[in-house]
Each structure stands twice: as C-alpha cells, then as structure tokens.
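The text below walks through a structure from its domains to the contacts between them. Please keep the sequence and the model in view while reading.

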Amino acid sequence: MLSPATEAELSEIVAGATGPLRVMGGGTRAIGQAVLGEAVSVAGLRGVALYEPGALTIVARAGTPLAEIEAVLAAEGQRLPFEPMDHRVLLGTTGAPTIGGVVAANVSGPRRIQAGAARDSLIGLRFVDGRGTVIKNGGRVMKNVTGYDLVKLMAGSWGTLGILSEVAFKVLPAPAAAACLVITGLSDARAVAAMAAALGSPFEVNGAAHLPDAGQTLLRIEGFATSVAYRAEQLAKLLAPYGVVKVITDAAQVAALWRDLRDVKAFAGRVGDVWRVSIKPSDAPAMAARIGGEVMFDLGGGLIWALVPVGTDLRAQLGDFKGHATLIRADAATRARIATFQPEAPALAAIAAALRAQFDPRGILNPGLMTS
Amino acid sequence: MDMPSPDTRILSRKSRIVERLAAALPKAAVIHDDAEVRAYECDALTAYRCPPLAVVLPSSTQEVAIALQICHAEGVPVVPRGSGTSLAGGALPTADSVILGVSRMNRVLETDYDNRFIRVQTGRTNLSVTGAVEQDDFFYAPDPSSQLACAIAGNIAMNSGGAHCLKYGVTTNNLLGVTMVTMAGEILEIGGAHMDAGGYDLLGVICGSEGQLGVVTEATLRILPKPEGARPVLMGFDANEVAGACVSDIIKAGVLPVAIEFMDRPCIEATEAFAKAGYPMCEALLIVEVEGSPAEIDEQLALIKQIAQTHNPVALREAQSEDEAKRIWLGRKSAFGAMGQINDYMCLDGTIPVSSLPYVLRRIGEMSKEYGLGVANVFHAGDGNMHPLILFDANKPGDLELCEAFGADILKLCVEVGGCLTGEHGVGIEKRDLMSVQFAPEDLEAQMRVKDVFDPDWLLNPAKVFPLATSQSRRQRDFAA
Ligand SMILES: Cc1cc2nc3c(=O)[nH]c(=O)nc-3n(C[C@H](O)[C@H](O)[C@H](O)COP(=O)(O)OP(=O)(O)OC[C@H]3O[C@@H](n4cnc5c(N)ncnc54)[C@H](O)[C@@H]3O)c2cc1C
C-alpha cells in the first residue's frame, strides 16, 4: 500500500502511476464493487490545519480521523452540522473513519433534513486529479461564489475525480439541550403525515424517523434548554391528533437513540442486504409496501433503509420510481452482479463520463466504483 | 474591462440568424430592432453596455431548446438573462451574441407543503416565490436585497445569498432540482423533489456557474415554515475592532443569529442623513437578529446583550415593537440607496475570515486616503461577506478607472488574508481578470474543463468568469457554421 505523507508525495504517486489506484481513507466505507488496483492511503495526510471557533470554520487534511475533528470541535462547544453516519456499525468494518472519506462519500445523517448534507457544510478543498495535478477550490470562508463550485462536484464523487488532500467546513454551535418526541403505533402513512406536520411547523425539528417494526415515530429538537422545552410542548400539542406523545429529555438517552438511528444499528449483524432508497417523503409508505422487507424511515420519509433477502435486486423489483436506490451492504457476489448506484439517465451518464475523462483521463482513480 | 471584439462573420449573418429564430419561434419571442434590443444592453453594472445582436424571450423550456439549437448550429454566442440585476456584468451582451431571457417564464408549477418544496419557472422573481407560499406560513429563504426584481434564474446562476444566510444558507443549499437546456439544445432533468440527486453533484456545480453551463428554465426549491417571530437588536461601538470582537464572541457563545449586519461610520452617517432611522453616531454599528417565539427571542437576546456589554457599547437598543424593528432595519436596507444619493459608487463583494475584519477595515481606510476616494462599509459580518462601497464621480474623467483600481486592491487584500473575490455577486466581467489572484492556472484549468464538458464550443456566456487571456484558446476554437 502506498502511504504518502504529504500532498506533494500524493501528487507524485498519481502522476507516476502506471495502473489503477484504489483510494483509501479509513477504509470503513467499503461500499460498491471491489476496485482492483494498488491501494493509496491518505491516512498519512493528517491534522487540523486551522480552526477558528469565532468564524465557525475548520480546515483539516483529508486523512484526519473524524473522531479527532469531532473532539477538537467539541472542546469549543461546536460540531459538524450534518451528523455523519458511522458505517462501521452497519458494514461491520474496522478502522478509523477519516474526514476525507466523509467528503468523498458525502456522508450525512438524520440532521441532513434541516442542516443539509456534508456537501452543504463543505466550503473548500484541495485534491490531486488523475494527472497528479494539485487543484484547489472554494476556500476557508463560508460565503464564496468565486468560480465554479468544484467543492460540490468532489463531494460524493467517491475518489473517482480526484484524491482529496484537504477539506474545509463551516461548523455550528452544539446545542445545550435536546429532546425526542415519540409516538407509538402509527401506520406508515400516518407516521409520514405526522412527520410532515412537525417538519412544516416553526419548531425546528431536526430529526424525523419512523420505525415500523418498533412501532415508533421519532422527532428530535435541539437548542437552548428553555427553547427545547417550549418547542417540545408546542409539538406535542400539534401532534396530539396522531396519538399520545411521549417526550424524552435525558440528553444521553436522546443522543444514543439518534446515534443508533444514524448508524442503522437495527440492521447491524442481521442476515440480508441493506439498501438506501432516496425519495420524496410522501412517497415513502407506498415505496415501503413495494419493498416488502423490513424498513426504517429517516428524513421524514425521504430516506428508506431496507433490509432485504440476500441477493435481492431491489431496483429491478421496484421498477420505475422517482428517486434512487443505492446498495449499501451485500456480499461480494451480489455486489458484482448489481450496480451499487442507481443508473443515471443516458444524458446525465454521458456528462458524468465526460467529467471523469476530464479529471482522470487515464481512468486510474477508483475505476468502475461509481459506474458498475 | 475589455470585452472580446465581436465576430464579424456573425454580425454579417444577422438577418439570416434572426430569420431562422423568427421562423421557429412565436413572433413576439424574437426582438431584433436596434432600438428595442438596447433595453438589454447592460445589467446593474451599468458602466458597461453593448446592445446584443438579438433578444429571444421564450415562453417554455421547449422554446428555449429550439432557440439554443439554432444558435448552436449558427455558432452564435448566447448570454442567458434573468432580470438583469447582476452587479458583476454577468448578463452583459457582446454585439455578436443573442440574449436569451427567461423573464416571460414566471409561473409556479407545483407547490407541495407536505414535502416542503415549490417548483417554478426560473423567470419568477425571488420575492414572488415567497409570495406564492407566505399565505400558508412558508417562505423561500435566500433573500438578496434585490429580491423584488431579481429572478430565480439569476439567483441560481450566481448562487446568490442574502441577509439571512448565516442560518439558512445560500441558493445552493436551498436548490433541489433544475430543468436545464444545454447549448446544444438538449433538455436535462437534474435532481428533483427527493433529497440527494444520485451520481455526481451536477446540481452543485450548475449552481453558481454564471450561465456558462446551460440555461436553467425550471427549478425545484426548498421552502421552509416561517419562524414564529424575529427581533433585532442594535448596538454601537467606538471602534471597528471592538465590533468585530463582539461578533466573534456572540458566535462562540453558541447563539446562531439569523443575521449579523455591520455598518461603519461613513455608512452610518450617509444612511442617517438619508433615511433618518435614528442610528447612534459611532464608529461601528451591528444589527443582530434572532428568531423564535417571544420567550426564545428574549433568552437569546439577553445572552447577546450580555456579551455586547463586555465590549462597552456606546449604544444598545432592542426593538420593543414591530415598528422599532422596522426602523432598525430601515437604515441598513436603505444603505445602498443612501450612498447613491450622495455619489456614484461601486459595490464590492469580497469575503474575509471574520478574524481579519479589524485589519482589513484599517487597510481599506488607509487605501482610501492613498486613492483619494471615500469608502463606506456595510456587510454581513457573521459570514465575513464585505460590501465596501467605493464612492466616485462618474462624470469625472479617470475616476471610474481609479475606482476600479482601488476595488481591485481591496479584493486582492481579501484574498491575501485568506478570503475570496466574491461572496455572492459572482465574477462576471467585473472580477474576471482578478481570478488569477485567487487561483493558480491549474485551478482555473480544472474549472474550464467542466465548461468543456457542458459547452465544448464555448458559446454560452463565453467572455465571463475566466481571465480573457486564459480562456482565449477555448473561445477562439474555429467553429464551422
Ligand atoms: C441593489 C442590488 C442589491 C443586490 N443585493 C444582492 C444580495 O443581497 N445578494 C446577492 O447575492 N446578490 C445581490 N445583488 C446581485 C443580483 O441581484 C444577483 O446576482 C441576482 O441573482 C441576479 O439575478 P437576475 O435574475 O437579475 O440575473 P441577471 O442579472 O439577469 O443574470 C445574472 C447571471 O445569471 C445568468 N443567467 C440568467 N438567467 C439564467 C438562466 N436562465 N440560466 C442560466 N444562467 C442564467 C446570466 O447569464 C448572468 O451571468 C444585488 C443587485 C442589486 C442591483
């Protein structure tokens, strides 16, 4: 495995590569087809380069462990807004997730519904393209429209357009208090309606999930203590028509609950493949019925996690729908047979291929990861 | 600011090009009369003007596609246009270009409160998007000061921001999907009502691409429930440094105001004379606004005022009524108008790390003396997006050039301290030739490669964003008509 210690070394490695490269951060998000190629780990590019709590900005090298970033932020009472999922729980992987991996996979969590995805907090980055050229885009300030936004293009490109060397984020204050409202026994349709009512209220709900098997619909609020108490009360009133609303206010309990939701712990260690289906929230009940297996709703219904029998081609089963399905966990044979990412409309697939040809003309960066 | 000289081969084919457009589109959609096209000769960067070859005002995505196919086949550059309020010259035509304006496409196509989105044609103005949903207590968050006039089309192209983006983000954070027509006339659907479009984040790169990748005709926008209420507090300080430190302390304390606006003495004096908002005369003034229920607002403002007290404010005034809140905002909102009353001005838009605020303001003050031109500063302090207004006299020979040189120096300063050339107005022609201050050649090359993918012939808004010398070989690729 190649382990450059600096961006310059990374650039030399790519420039001098004679065959495909498998780009690695912490190696905890082994999603998609196994890439054949020499492993390049960015774990050696490590450390927080700049952190200004008063400006809500942090810049770190791509190989910095996520845990290190979170600890640095927590010490100042701040956090990453988008609540990145820890894939180790669901995938059974080991190792330390890196901040570069979070960006490459655009990893977010339940708070995505209010605070946006990783790409929404990302304000700048540096990367090495397929030629070995070092490129920067964005910067360290949160308002920046200077030139094209390649920051967004790189987020979620899974190392296929370039290898990230440094990333910069806008961060937010961590809240003083949190509460979770729980309603039991709702049908999928009623649950989605209840979540829509809550998300359409001014009470700043930043988590909305529904667990059909546990029979629970969960809503989270965060903020100053008096504010959380007030909003919990208002929401309970608003949601009274849907059933009895229980309010959990113990901070540790609320945090543990949403961490498990974020990490899809309910499907961890269970037999079956796991899919992530992104749709319009109100389509969720009908989609869940079409999926048939065990499901969990996040993002108010906009995201369905599905546990289906091993080898199921869920996409083929669902037929045409508005949104996309991603295969997150399956054995090697299934992953070799079923495309990980939703195939795109031909015109968009052509643009994606042309972009890859521009940024990685030799096709050496994680070849096939996003296309097969 | 130079523009490339028009392609005489295109100018000589004007009648044929206009005939083809007129034959394929409704009669009222094509404007080519010399007097009528003059209405499209500039945007809000009025120092630069040039009437286009012709103007096309389609009524549907289909018509946009037809117009683009013809222009593509004829090798004619196309400049997309929304409402023409760009301050960067983004919608400035060249004599050999066709203006493609979406102003007639202003319908709401779908409103969905359960899924919290609205789908509109992009000619719709920013304010009227909120207008379509506010009776049901929803709003569209990005709120540029030009929101009465500017169109969603331009907002997407420039990734526009507003006073409330500290909390709600800018256009790109509130955009879910677009319908876009490529220069070749192909209609693309990207994203939609579901979150997270699959594949590469094309939506992210289209937003802020200044009309160079395609013509956006429809947009799916996130709408949000209106907060229960909002209230501003006004505070005055006797030094810029102190106001800057106060902003930083508020943010560090864990409060996230929806807006933190900053005005310096020259700006306070001008707006006070013009709008009589009752501002205290001091070196620096902050307007901090928070949202929530009355009790939530009380709690946040109490904390903010407590922090402000530690910085010895010369004034500290919380709005006690709706009326007082309006008066606090009145001065800020009329700042540009006030400056316009006393002078011609150029509005800059660089962003700096908030920590550099005192240094940058001091340097701007020094440069102002060196150049002999006044500057007033008004800006979004929470996110470091500055709007220095340089005052000059358009009738005085040489003053515009002097002002531009001063502006360039301020923007270079922004980059030097770790910031950028433009926080929300875009590059256009205005900052085009300064791009190499912020970016290395390979950074610009990477961006231009994206344009190569969407518009290989460089026909869409070609002379913008990239330094002319840098984009020259791409723009001058010989195009067989
Ligand atoms: C008084 C004043 C205050 C302002 N305040 C703010 C502010 O607070 N925040 C802020 O961000 N901006 C502000 N602006 C700048 C300006 O209003 C914004 O840039 C706005 O988004 C431009 O919208 P428009 O519809 O007028 O676009 P135009 O000026 O018509 O065009 C702007 C750019 O968009 C491209 N474009 C237009 N339509 C399309 C389309 N359909 N497809 C693709 N590209 C297209 C054009 O080619 C051009 O490059 C202000 C301007 C003024 C005059």
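Chain A is divided into domain 1 (7-173), domain 2 (177-262) and domain 3 (266-337), with bounds that come from an automatic or database domain assignment. This is a predicted model, in which local features need pLDDT of at least 70 and side-chain atom pairs count only at pLDDT 80 or more, while totals for chains, interfaces and linings use all residues. Residues are numbered from 1 along each chain as its sequence is written, chains are lettered from A and ligands numbered from 1 in the order in which they are written, and side-chain values use heavy atoms, with hydrogens and water left out.

Consider the boundary between domains 1 and 2 of chain A. The C-alpha centres of domain 1 of chain A and domain 2 of chain A are 31 Å apart. Their contact (heavy atoms within 4.5 Å) takes 10 residues from domain 1 of chain A and 9 residues from domain 2 of chain A. About 800 Å² is buried between domain 1 of chain A and domain 2 of chain A, 51% of it on carbon and sulfur atoms; buried area is the accessible area (1.4 Å probe) that two parts lose on being put together, summed over both. On the side of domain 1 of chain A, P110(A), I113(A) and Q114(A) supply 52% of the area buried against domain 2 of chain A, more than any other three residues.

Charged pairs also cross this boundary. Side chains of opposite charge can pair when their charged atoms come close. Between domain 1 of chain A and domain 2 of chain A the count is 3 salt bridges, a salt bridge being a side-chain nitrogen of Lys or Arg within 4 Å of a carboxyl oxygen of Asp or Glu. R111(A) forms a salt bridge with E222(A), with 3.3 Å between the closest N and O atoms. For the salt bridge of R220(A) with E83(A), the closest N and O atoms are 2.9 Å apart. This pair links distant parts of the chain, 137 residues apart: R220(A) is in strand β12 (residues 216-223) of chain A, and E83(A) is in the loop between β5 (78-79) and α3 (87-91) of chain A. Helices (H or I, at least four residues) and strands (E, at least two) are DSSP runs, numbered from the N terminus.

Chain B has its own domain assignment: domain 1 (6-101), domain 2 (108-225), domain 3 (228-338), domain 4 (343-435) and domain 5 (436-480). Between domain 1 of chain B and domain 2 of chain B, the contact takes 18 residues from each of the two domains. The centres of domain 1 of chain B and domain 2 of chain B, taken over C-alpha atoms, are separated by 24 Å. The area buried between domain 1 of chain B and domain 2 of chain B is about 1300 Å², and carbon and sulfur atoms give 71% of it. How many salt bridges does the rule find across the interface of domain 1 of chain B and domain 2 of chain B? The number is 0. On the side of domain 1 of chain B that touches domain 2 of chain B, the elements that give two or more residues are α4 (61-74) and β3 (78-81) of chain B. The most comes from α4(B), with 8 residues. By class, that side of domain 1 of chain B has 8 nonpolar, 10 polar and no charged residues, where Ala, Val, Leu, Ile, Met, Phe, Trp, Tyr, Cys and Pro count as nonpolar, Asp, Glu, Lys and Arg as charged, and the others, Gly among them, as polar.

Strand β3 of chain B also belongs to an open sheet of 4 strands, in the order β1-β2-β4-β3 (chain B), with mixed pairing. The edge strands are β1 (30-31) and β3 of chain B, each pairing on one side only. Two strands pair if DSSP finds at least two bridges between them. Strand β2 (residues 54-56) of chain B and strand β4 (residues 98-101) of chain B pair in the parallel sense over 3 bridges. A54(B) has V98(B) as its bridge partner in β4(B).

The two chains meet through 74 residues from chain A and 90 residues from chain B. Chain A and chain B bury about 6400 Å² between them, of which carbon and sulfur atoms give 59%. In chain A, K143(A), V145(A) and Y148(A) lose the most area to chain B, together 15% of what that side buries. The count between chain A and chain B is 5 salt bridges. D201(B) pairs with R119(A) in a salt bridge whose closest N and O atoms are 2.8 Å apart. Helix α14 (residues 346-359) of chain A gives the largest share of the side of chain A that touches chain B, 9 residues. By class, that side of chain A has 34 nonpolar, 21 polar and 19 charged residues.
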